[in-house]
Amino acid sequence: MTIDQWTSVSRAAFTAALVAYLVSMLLYFHFLAFRRKTVWKVAIALASIGLVSHILAVVARGMAAERVPWGNMYEYSSLLALLVVAGYLFIVELRYRVHTLGGFVLGFAILTMAVAAMFFYRGPAPLVPALNSYWIKIHVVAAITGSALFALGSGVFTPLYLWQSRRERRRDERLRAEAAELGAKSPAPIMGGSLDDDPPGYEAGADEPAAGPSRHGLLPPAEVLDRLAYRTIAFAFPIWTFAVIAGAIWAERAWGRYWGWDPKETWSFITWVVFAGYLHARATAGWKGRKAAVVALVGFASLLVTYYVVNIWVVGLHSYKGF
Amino acid sequence: MRTALVLLLLLAAASVVGSLIPQHGVADPRIAAMELDHPLRYDIYEALGFFDVYGSVWFTLIYGLLLVSLVACLFPRTRALLRSIRSRPQPVHELDGFRHYAEREVAADPARAIARARKVLRRRFFRVSKTNGATRALAAEKGIAREAGSLIFHWSFFLILIGIALGKGTGFAGNAVIVEGETWTEAHANYDGNIVEGRFFNEAHTGLQLDVRDFQVTYREDGSAEDFVTRGEVTVPGNRAEPVEISVNHPAAVGGVKLYQFGFGWAPIVEVRDGSELIASRPVPFSQLASPPGADPRALPWNGVVRLPSLRPQVGIELSLWPDSSALVQFLETGESSPMLRPVDPVMTYVVYRGALRLKSVETSNELDKSALQVWKRGAVGLGGSEEIGNGLTISFPELREYTVLHVSRDRGVMIMLVAAVLVLAGLVAALYSSRRKLWVQAEPVETGTVLKVGGFALQRRMQFEEEFSRLVDELAGGSEKRAGIR
Ligand code: HEM
């Protein structure tokens, strides 16, 4: 096939993936509200089909550009969205068996892809010489994987956790007020839990499709969301660390210094430190729960700056990156 | 922990300041612009060290405090870890209170069953309690890597500090501009002032000599550079010359320094004659102006200057290089310049000024100080040609060469940093991807053999431990007997 044919295959597969995700997202929200098991099955099937098409889009893009398909913002964003969806399907659906969050995750992926297609689309082109090193290829893949997981943990699960935990707190206050009115003993507060505790009463499958809306409202219990956020971020942290190290090794080989505080390096450092702060907060008395979640939100903001603001507006050696 | 957390967040906030305000070494032109346009703001920032945040007193203070708090918290944790490595898990009496609990009947007698359990657990990398006398019970645990990894991770920061202090303190870094066919000597004066030397650098430059024979750029069809390579010979004092090749991403390491391909440019040889006397003859490294946002940097014209301070009045010549005359015509007609990629039939345009040059002691700038100069003549000269300027002066353009820009640096801390990076990563993976599990086994004799009681819990990843626990129980109760039966 020619470059042009690969390019159009890639674009068509990208669009097909976007449409599949979109429909799947709507079905997931339907499932969140009404808990029909068939709807969930169709949603997950569509998301999987979308994922396969998305993989085809990325591979075809690589064939068209005759290099690895992660060389500019459009390609980074596409790969990031792909990893967000894959991360959700494999980690959250398969491993943690939480099925109700697909709509939010797909929404995030769709947004990323739409922004990529509208603002960052570039035809396939070769890389500038400095980027033609296997360290940069490793660095970029690690950075995108880390970003995708950080985004999932801090940009999707953390806000859901904050929302749900506020609902639960309100409900507890209401129950306590009612109980006080009745002159009864107030219910025990929800257990704080240590770093990585299972919430009381939560077992695998507690959120099974068949188990209609729970007493917690539509979303899984706040503690499940908190733990999901923590696990995703803790999983991403070493990957991000590796990305920063690989970047430093590459910078050493290409420019003769492993660290120069250029904007990209500075912001990936800030993101790293803030998420280290989140991991610490989770283990610090008085910071668990909502305060730690706020640190994660700051981490997400920092990730967005690292990814969008620095890549697009700020000039540094890294802006060779093809944007 | 709270101190560490607050300090970490402070470190992040301080780094944000450094990314918002232009920094020395990264954005010097913007700092210079601020000095002119907003002198008050410039003075305040300068006083607060905002132009060098990462080297400032307060940034150092934050990470210094972080490291102090780190030591304070690492010593007790390390001592506790060493103690728990030396001791073994202790058997307990009541097992059925644990989160996970199971009983199985096996045919073997209690001592044999416990001995087997010991073997099975050892094979699965559990640390098992000592045998001494206890033939009916054992305790086992796994996942000490979690704490050990976390400690390795945190201790590595001190190694990083050592690596930075050694590398930057005793090292130097600068750029060398070398025209094809010339020899460059590694010495302070030959960096044209753009060198940074460490606080403990003892001025012992290597004196190595680099003879650049050839510089080549390969272009793709679309005109973008695919690769650039500098070839030549390098001589470390006292040794024989050796061939060397330096290209992007492939630095050369010679005599304790590293040479990196950094950039390149055009260096036309310009000769000026006063009558028949040759008063200037050298390659002039041309440069491009900083590219305006959005412009294709390759298409910017290349400019250079020649200064003739010996003439009265003094003369300065501004030169621009064009790939061929049609590119020049295009520029004159439309204002659009075309990329100077290959010399097709190169032409230089010149503007000659007369007056006072106002030279500084070291003059490396590619711009004339025109405050005391008047335009005298304009013209163009092609490759191989000569043009009369007037008053007996002629300018000629006998040859077009390229120059290479090499980044030269010495950093003795790089290996330490690499080791530290590996430790950081290994520590993190161990700390964040592993979990601590504890298990107890008791054997009680019954008529048909033994009842094995197994209890245990995990401190992290409890859902996964549920599966692991039932697998372990099966194995302890004779998974291998079953396997033996199949065989
Ligand atoms: C230099 C910056 C630091 C970074 C990047 C950092 C990073 C981390 C990370 C990623 C973890 C999670 C690993 C794990 O769960 O075991 C962690 C845990 C921990 N850190 Fe730090 N840390 C830093 C400084 C400190 C300091 C100064 C202290 C001491 C006051 C400290 C005390 C701890 C403790 C006690 C834990 C264990 C938390 C737990 O596992 O329950 N850290 N640190």
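Trainee: Is A:Lys137 buried, partly exposed or exposed?
Mentor: Good place to start, and keep in mind that this is a predicted model. A:Lys137 sits in helix 5 of chain A, which covers residues 134-181. Its relative accessible area is 27%. Buried would require under 20% and exposed over 50%, so A:Lys137 counts as partly exposed.

Trainee: Which residues is A:Lys137 in contact with, leaving aside its neighbours within four places in sequence?
Mentor: Let's look along the chain before naming them. A:Trp250 is 113 residues away from A:Lys137 along the chain, and their C-alpha atoms are separated by 9.7 Å. With neighbours within four places left aside, the residues in contact with A:Lys137 are A:Val68, A:Trp70 and A:Asn132.

Trainee: Is A:Thr158 buried or exposed?
Mentor: A:Thr158 also belongs to helix 5 of chain A. Beyond its neighbours within four places in sequence, A:Thr158 has contacts that include A:Gly153, A:Ala229 and A:Leu297. The relative accessibility of A:Thr158 is 2%, and the cut-off for burial is under 20%. A:Thr158 is therefore buried.

Trainee: How many helices and strands does chain A have?
Mentor: Happy to step back to the whole chain. From the N terminus on, the elements of chain A read α-α-α-α-α-α-α-α. The count for chain A is 8 helices and 0 strands.

Trainee: What percentage of the contacts in chain A with a separation of 6 or more comes from residues 24 or more positions apart?
Mentor: Burial gives some background here: chain A has 323 residues, and 57% of them count as buried. Among contacts in chain A with a separation of 6 or more, the share from residues 24 or more positions apart is 82%.

Trainee: Why is the ligand site described as shared between chains?
Mentor: The shell around the ligand holds 21 residues, and the closest are A:His280, B:Met1, B:Cys73, B:Arg77 and B:His154. Because the surrounding residues come from chains A and B, the site is shared between chains.

Trainee: Which helix gives the most to the shell around the ligand?
Mentor: The helices that each supply at least two shell residues are helix 7 of chain A and helices 1, 4, 6 and 8 of chain B. By class, the shell has 16 nonpolar, 4 polar and 1 charged residues. The top contribution is 5 residues, and it comes from helix 4 of chain B.

Trainee: How far is an oxygen atom of the ligand from an N or O atom in the side chain of B:Ser150?
Mentor: For a nitrogen atom of the ligand, the distance to an N or O atom in the side chain of A:His280 is 2.7 Å. A polar side-chain atom of B:His154 is 2.6 Å from a nitrogen atom of the ligand. For the ligand oxygen and B:Ser150, the distance is 3.4 Å.

Notes
Residues are numbered from 1 along each chain as its sequence is written. Chains are lettered from A and ligands numbered from 1 in the order in which they are written. This is a predicted model: local features need pLDDT of at least 70, side-chain atom pairs count only at pLDDT 80 or more; totals for chains, interfaces and linings use all residues. Side-chain values use heavy atoms; hydrogens and water are left out. A residue is near a molecule or strand if one of its heavy atoms lies within 4 Å of it. A polar contact is a pair of N or O atoms within 3.5 Å; within protein, one must be able to donate a hydrogen and the other to accept it, and residues adjacent in sequence count only if both atoms are side-chain atoms. Helices (H or I, at least four residues) and strands (E, at least two) are DSSP runs, numbered from the N terminus. Ala, Val, Leu, Ile, Met, Phe, Trp, Tyr, Cys and Pro count as nonpolar, Asp, Glu, Lys and Arg as charged, and the others, Gly among them, as polar. Buried means under 20% relative accessible area, exposed over 50%, partly exposed in between (1.4 Å probe, protein chains only). Contact means heavy atoms within 4.5 Å.
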